[in-house]
Amino acid sequence: MLLSEEQRLVRDTMRAFAQNELAPNAARWDRESHFPREQLRALGDLGALGMVVPERWGGAALDYVSLALTLEEIAAGDGATSTIVSVQNSVVCGPIAAFGTDAQKQKYLVPLARGEKLGCFCLSEPHVGSDAGAIATRAERRGDRYVLNGVKQFITTGKNADVAVAFAVTDKAAARRASRHSSSRRTHPATRSLASRRSSASTLPTPRRSSSRTVPSPPRIFSDRKAAATASRSPTSRRAASALPRRP
């Protein structure tokens with residue numbers, strides 16, 4: 001497959017970042033069950049957490065080939081980080097972009113796409129796995145709100161997320177055909193989730209240590225595509241970021 005100049009710039013930038021900031025730390029992060037928050041923040045600055053989200057809602061407005069290249073290069077540096085980035089782009093930003101109101105997009109999607117917040121996707125349940133038609137978590141309408149009751153497991157980024165996209169049923173008698181989803185603030189006292197980085201989707205609690213490593217914060221992918229087209233590239237993640245396609 002022939003890549004466009006923009007796609008090659010995305011690939012090269014993500015490759016440089018992964019080789020410099022992820023690969024040297026991946027084995028240690030696995031041993032220490034460390035969540036790479038600072039590196040994810042830097043990827044958010046690159047635009048990697050909202051690749052296909054429209055610019056209006058804080059995203060890079062790129063194509064799915066660019067997203068695939070991004071995930072491939074990040075995975076080469078650290079598979080767990082690639083899973084987190086994949087979830088953020090797809091099953092977190094995706095449903096809100098497709099079905100959220102403008103108010104919900106402004107409140108949730110914009111900070112998610114910019115990497116200012118992390119999201120998680122709550123579908124799987126202990127007794128049915130990821131069979132969306134068999135989930136038992138209930139969403140009960142109380143006034144102008146819904147109250148969720150149920151148990152979820154295997155939540156990627158669950159312990160570290162700010163926003164949760166949770167699937168629930170509104171009609172117990174028709175649970176197999178009445179699946180619904182909702183966005184909720186992860187900090188709500190009624191929500192609880194524990195996660196282990198070792199599987200990137202476990203609900204087992206593990207100790208975590210903050211990283212003291214300083215990660216460069218390069219410009220976002222869509223910040224100035226026109227100027228980037230002629231920029232020079234270098235092997236370091238900071239300089240490679242200047243070669244990203246940018247928004248005019």
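Val-87 lies in helix 5, which covers residues 79-99. The model examined here is predicted. Val-87 counts as buried, because its relative accessibility is 12% and the cut-off for burial is under 20%. Leaving aside residues up to four places away in sequence, Val-87 touches Val-92, Gly-119, Phe-121 and Thr-156. The C-alpha atoms of Val-87 and Thr-157 are 8.6 Å apart, although 70 residues separate the two along the chain.

Helix 5 was then examined as a whole. It holds 21 residues, which should span 30 Å at 1.5 Å a residue. Several residues of helix 5 are buried, among them Ile-84, Val-85, Val-87, Gln-88, Val-92, Cys-93 and Ile-96. An α-helix has 3.6 residues a turn, so residues three or four places apart point the same way.

The wider chain gives the setting. It has 8 helices and 5 strands. Of the 248 residues, 49% count as buried. The accessible surface comes to about 12400 Å², and carbon and sulfur atoms account for 51% of this area. Contacts between residues at least 6 apart in sequence were also examined; 66% of them join residues at least 24 apart.

Nonpolar side chains in soluble globular proteins tend to be buried together. In this model, the largest nonpolar core has 23 residues. Those with the most contacts inside it include Met-14, Phe-17, Leu-22, Leu-40 and Val-85. Helix 1 (5-22), helix 3 (37-46), helix 4 (64-77) and helix 5 each supply at least two residues of this core. Helix 1 gives the largest share, 5 residues. A second, separate core has 17 residues, including Trp-57, Cys-93, Leu-109 and Ile-135.

Helix 3 has its own set of buried residues: Gln-39, Leu-40, Ala-42, Leu-43, Gly-44 and Leu-46. Two of these, Leu-40 and Leu-43, are listed with the residues that have the most contacts inside the largest core. Just after the helix, Gly-47 takes a positive phi of about 90 degrees.

The search for aromatic pairs in the whole structure found 1. Phe-121 and Phe-167 form this pair, with ring centres 5.3 Å apart. Their planes meet at 70 degrees, so the pair is edge-to-face; the cut-off for that class is over 60. Phe-121 belongs to strand 1 (residues 119-122) and Phe-167 to strand 4 (residues 163-169), so the pair ties together parts 46 residues apart in sequence. Phe-167 is buried, with a relative accessible area of 17%. Phe-121 is also one of the residues that Val-87 touches.

Phi of Phe-154 is near 55 degrees, and phi of Thr-157 is near 70 degrees. Phe-154 lies in the loop between strand 3 (145-149) and strand 4. Thr-157 lies in the loop between strand 3 and strand 4 as well. Phe-154 is partly exposed, with a relative accessible area of 47%, whereas Thr-157 is buried, at 6%.

Conventions
Residues are numbered from 1 along each chain as its sequence is written. This is a predicted model: local features need pLDDT of at least 70, side-chain atom pairs count only at pLDDT 80 or more; totals for chains, interfaces and linings use all residues. Side-chain values use heavy atoms; hydrogens and water are left out. Rings of Phe, Tyr and Trp (its six-membered ring) pair if their centres lie within 6.5 Å; planes under 30 degrees apart count as stacked, over 60 as edge-to-face and the rest as tilted. Helices (H or I, at least four residues) and strands (E, at least two) are DSSP runs, numbered from the N terminus. Buried means under 20% relative accessible area, exposed over 50%, partly exposed in between (1.4 Å probe, protein chains only). Contact means heavy atoms within 4.5 Å. Accessible areas come from the Shrake-Rupley method with a 1.4 Å probe; for residues, only the protein chains shown count as cover. The expected span of a helix is 1.5 Å times one less than its number of residues. A nonpolar core is a set of buried Ala, Val, Leu, Ile, Met, Phe, Trp, Tyr and Cys residues joined through side-chain atoms within 4.5 Å.
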